[in-house]
Amino acid sequence: MVMATAAPAEVKAGDNAPGDLQQTFTAHGEWIDAMVKQFTDGLKPIVEKAQKGLEESMRRVLDIQNGTIAPNEANQHALDQLNLLFMNQLDAAGYRAFVQAFTEQFAEQLPFLQETIDFLARQAGHKLPAVSFQPHDLRVFTDIAASDIRSTMQAVAAATLGQVTAQRAAFGLAGLPFKEMVKIFQAEFGGSVKRNAARAETAIAVWYRQVADEQYKRIEKEIPSLVQRYIYSGPLDSVTRPFCRHMLTVTGTKPLTRAEIDKLDNGQIPNVFVSCGGWGCRHQWLLWFDAMKDLIGKLPKAA
Ligand SMILES: [Zn+2]
């Protein structure tokens with residue numbers, strides 16, 4: 001029985017990574033921090049340019065009388081396309097290329113995975129397949145990440161259209177003042193950087209877990225499922241959410257099978273093996289051979 005006072009042996013201040021992996025986890029965390037900062041810094045000027053571009057193109061396209069968007073058919077038609085124009089302006093400002101280049105760097109995480117596999121091989125006393133992926137193997141995960149990051153801006157664009165539509169309805173025949181629409185642009189674009197950076201951070205973690213999952217599947221082909229158990233690993237501090245805290249505690253004493261993990265629900269994103277705690281979570285599943293050493297010792301050694 002797990003008592004609240006009896007923390008698992010692996011739990012140290014701030015992290016529950018096993019001793020040998022502390023450095024790897026710390027370095028990985030710092031790499032993610034630097035990437036999120038790079039994303040935020042790079043996105044700001046793009047968003048500013050897009051905001052200006054959208055305002056200018058609206059000013060050109062719309063029939064504006066005395067500072068008011070005239071409530072006519074032509075304006076209606078133009079404003080109905082607002083979310084598309086929003087994305088077009090972002091891409092014209094370099095957004096799509098920026099996200100693509102950003103996700104191309106995710107492969108820099110592979111050495112962290114290799115260090116983890118090296119640790120597991122030592123723990124199991126068994127040779128494990130090396131981390132090796134062809135670019136086209138990674139392409140699918142990188143494309144998922146890019147599309148996931150972009151979906152945040154698509155949601156912002158849709159919200160902008162929704163706000164403008166609601167305001168136009170409120171002003172009715174008087175017509176929506178152009179400066180009211182600009183205020184909506186400012187608010188939506190302004191909030192978008194932080195929101196998009198948060199999504200980028202999640203996309204990095206999900207990319208890594210998907211690639212780790214592929215690697216684990218290769219290992220699972222060599223080591224029978226009988227000895228495959230996973231622990232939950234990563235930060236344990238004041239911001240660790242209840243789901244992650246619970247998983248750290250539970251798996252600290254009883255590592256879980258993949259089937260057990262697949263039944264879990266974090267209340268946010270499906271597929272807990274890849275999503276862990278959900279948005280912004282940096283935890284990961286770690287194949288854990290420690291309790292199975294005796295069994296692994298009886299397996300034929302890999303060549
Ligand atoms: Zn977490």
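This is a predicted model: local features need pLDDT of at least 70, side-chain atom pairs count only at pLDDT 80 or more; totals for chains, interfaces and linings use all residues.
Which residue in S7 does Ile231 stand opposite?

**View 1. Strand S5 and its partner S7.**
Strand S5, made up of residues 230-233, pairs with strand S7, residues 284-287, in the antiparallel sense, and four bridges join the two. Within this pairing, the residue of S7 that stands opposite Ile231 is Leu286. In a regular strand, side chains alternate between the two faces of the sheet. In S5, Tyr230 and Tyr232 point one way while Ile231 and Ser233 point the other way, and all of these residues are buried.

**View 2. The contact between helices H1 and H4.**
The axes of H1 and H4 come within 10 Å and cross at roughly 170°. An angle over 145 degrees counts as roughly antiparallel, and the two helices are therefore described as roughly antiparallel to each other. On the H1 side, the residues that take part are Phe39, Gly42, Leu43, Ile46 and Ala50, and they meet Tyr95, Phe98 and Phe102 of H4. Sorted by class, the residues in this contact are seven nonpolar and one polar, with no charged residues.

**View 3. Helix H3 and what covers its buried residues.**
Helix H3 spans residues 82-92, and its buried residues are Leu82, Leu85, Phe86, Met87, Gln89 and Leu90. What covers these buried residues includes helix H1 (22-61) and helix H2 (73-80), as well as helix H4 (95-104) and helix H6 (135-171). Just after H3, the backbone reaches Gly94, which takes a positive phi of about 105°.

Asn271 lies in the loop that runs between helix H9 (258-262) and helix H10 (272-275), and its phi is near 65°, a positive value in a residue other than glycine. Cys276 is found in the loop between H10 and S7, and its phi, near 50°, is likewise a positive value in a residue other than glycine. Is each of these residues buried, partly exposed or exposed? Asn271 counts as partly exposed because it has 15 C-beta neighbours inside 10 Å, whereas Cys276 counts as buried because it has 27 C-beta neighbours inside 10 Å. The cut-off behind this reasoning is that a residue is buried if 20 or more other C-beta atoms lie within 10 Å of its own, exposed if 12 or fewer do, and partly exposed in between.

Terms used:
Residues are numbered from 1 along each chain as its sequence is written. Two residues are in contact if their C-beta atoms, placed from the backbone, lie within 7 Å. Two strands pair if DSSP finds at least two bridges between them. Axes are lines fitted to C-alpha atoms, for helices over the stretch in contact, and angles run from 0 to 180 degrees between N-to-C directions. Angles under 35 degrees count as roughly parallel, over 145 as roughly antiparallel, 65 to 115 as roughly perpendicular and the rest as oblique. Ala, Val, Leu, Ile, Met, Phe, Trp, Tyr, Cys and Pro count as nonpolar, Asp, Glu, Lys and Arg as charged, and the others, Gly among them, as polar.
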